[in-house]
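Please find below some notes for a colleague who has the sequence and the model open side by side. They are arranged as numbered points and go from the overall fold to individual residues.

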Amino acid sequence: MAARQDQTLQIALIVFAIFTVVLAGFTYWFAKQAGDADQALTAMREEKNTEQTRANNTQVQNEELRKLLGFDQFADYDTVVAPQSKTDMDRMLGTMPEEKRNYRDGLQLVYAENQQLSTAQTGDKEKLKQLEAKLAEVEAGHQAQIARLEADKAKIEQAAAAERNQFAQARAQLDAKQKELAAQIADQTKKFDAERAELVAARDAAQEEANKRQNTINTFIDERAQEEFSFEVADGKITYVNQANNTVWINLGAADALRQQVTFSVFDTADTDAGKAEKKGSIEVVRMLGPHMAEARVTDDDARNPILPGDFIYSQVWNVGKPQHFAFTGLIDLDGDGRSDLQLAKDMIELNGGIVDAAPNPETGEQEGQMSLDTRYMVFGERSDKTNDTALRKTWDDMHGEANALGVQLISVTDFINQMGYKPQDRAVNMGAGVNSRDFRPRPAPSSGDLRPRVNYSAP
């Protein structure tokens, strides 16, 4: 019985020795690096062989092993092996299958894990060597780059020194040039002041002369404004009247540079001032009958004061051998419909041999052309009061000032129509959205009786 108990103790001692070695191996593995774990594993194997040999011969060693394992030296096998061993196996080898939970397989697992750690450590060391080699290569490149930069820096400093020297030379030259220019500017300033004084004196003299001329023009304008007569003479006279055909003959023809469609106003023989005479009718040339004879149709007359042979004819536009110059401003409304007839008025002037010097642009309202001393008349219409006619109002004001300065005679649209002998044609009345209240102006009732003679007259 004692031999069996010793054998049991020996086995227990061997088991606990193995457990102690494994526990020490695990503790040493967690505490040190993979290289120390390999040495501990070798030592543990040697210790295992030694203990197995000695376990059969000495009980004392088993008791010491129990003490080493933390048990009483006289503890039995069941106390030492069964509960504590299973607990340790579950705690340290819990990831392994149940059949693999033994000290040998556990040591093999530890060994395999140590090998993996060693292999990984070897790879890390190789990578570390490669990184250190790359680092050395990069540092060598940096050193070469620093050397190049130092060389470039030296060259740049040399170039900067050369540039500073050139700048200093250029600055000295610039200062000398600046002093020279300052002297030239001072000289030119003196010359300019002298020339300016001469120009100011010349300007003052010219202004004084202009003031004298303006005073002369103003005096001339005032005198013309106070004139009672216009000193305009008739262009010709009526030589024959055909009331049946509503035509007349005049003593002007092709030799007088007369053209068809030239219009004349007709006034009585008692009026000697054609410009101030009261118009009794108007005629329009229709054909040439000779060097000094032409036929004209009556465009306007009064049955109570008919056109007779010997009556004088006059046109502001047409003149023998000399065209008259005109200007227009404002709203030129010839037929009283509230719309501009500027183009028609221009056509009438040109048709009668006259020239239009200046007029407002029909779209922008700004002045086109320029008046001069040759401009005889400026026909002015109404000054627009519409918000969008600012340019047209400015043109009206500017042209009136220019006409007064040049001594141009101002005539209204009504006077222009009367002296031109123009009679507005019958117009179609616009209906709908384009209707105009001026299209429905009241007309005077016809006079009782038609006093128009139905006989032909000829000048004696």
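**Notes on the predicted model**

1. The secondary structure of the protein comes to 8 helices and 12 strands, where helices (H or I, at least four residues) and strands (E, at least two) are DSSP runs numbered from the N terminus. This is a predicted model, in which local features need pLDDT of at least 70 and side-chain atom pairs count only at pLDDT 80 or more, while totals for chains, interfaces and linings use all residues. Residues are numbered from 1 along each chain as its sequence is written, and side-chain values use heavy atoms, with hydrogens and water left out.

2. Of the 460 residues in the protein, 31% are buried, a term that stands for under 20% relative accessible area, with exposed meaning over 50% and partly exposed in between (1.4 Å probe, protein chains only). The accessible surface, computed by the Shrake-Rupley method with a 1.4 Å probe and, for residues, with only the protein chains shown counting as cover, comes to about 29,500 Å², and 53% of that belongs to carbon and sulfur atoms. Among contacts (heavy atoms within 4.5 Å) with a separation of 6 or more, 68% are between residues 24 or more positions apart.

3. The largest nonpolar core has 18 residues, and those with the most contacts inside it are F326, F328, I332, L334, V379 and F416. Strand 7 (325–329), helix 6 (342–351), strand 10 (375–380) and helix 8 (413–420) each give two or more residues to this core, and helix 6 supplies the largest share, 4 residues. A nonpolar core here is a set of buried Ala, Val, Leu, Ile, Met, Phe, Trp, Tyr and Cys residues joined through side-chain atoms within 4.5 Å.

4. Leaving aside neighbours within four places in sequence, F326 is in contact with residues including V317, I349, Y377, V379 and F416. A second, separate core of 17 residues includes I238, L252, I283 and A294.

5. Is D311 buried or exposed? D311 counts as buried because its relative accessibility is 2%, and it is found in the loop between strand 5 (293–301) and strand 6 (312–314). Its side chain makes a polar contact with the side chain of K280 (2.9 Å) and reaches the backbone nitrogen of L308 at 2.8 Å. A polar contact is a pair of N or O atoms within 3.5 Å; within protein, one must be able to donate a hydrogen and the other to accept it, and residues adjacent in sequence count only if both atoms are side-chain atoms.

6. The structure holds 12 salt bridges, each being a side-chain nitrogen of Lys or Arg within 4 Å of a carboxyl oxygen of Asp or Glu. One of them pairs D268 with K280, the closest N and O atoms being 3.7 Å apart; D268 lies in the loop between strand 3 and strand 4, and K280 in strand 4, 12 residues apart. K280 counts as buried because its relative accessibility is 7%, whereas D268, at 28%, counts as partly exposed.

7. A further salt bridge joins R339 to D337, with the closest N and O atoms 3.3 Å apart. D337 counts as buried because its relative accessibility is 6%. Salt bridges that share partners also join D268, K280 and D311 into one network.

8. N246, in the loop between strand 1 (236–242) and strand 2 (247–250), has a positive phi near 60° without being a glycine. Q261, in the loop between strand 2 and strand 3 (263–267), likewise is not a glycine and has a positive phi of about 75°.
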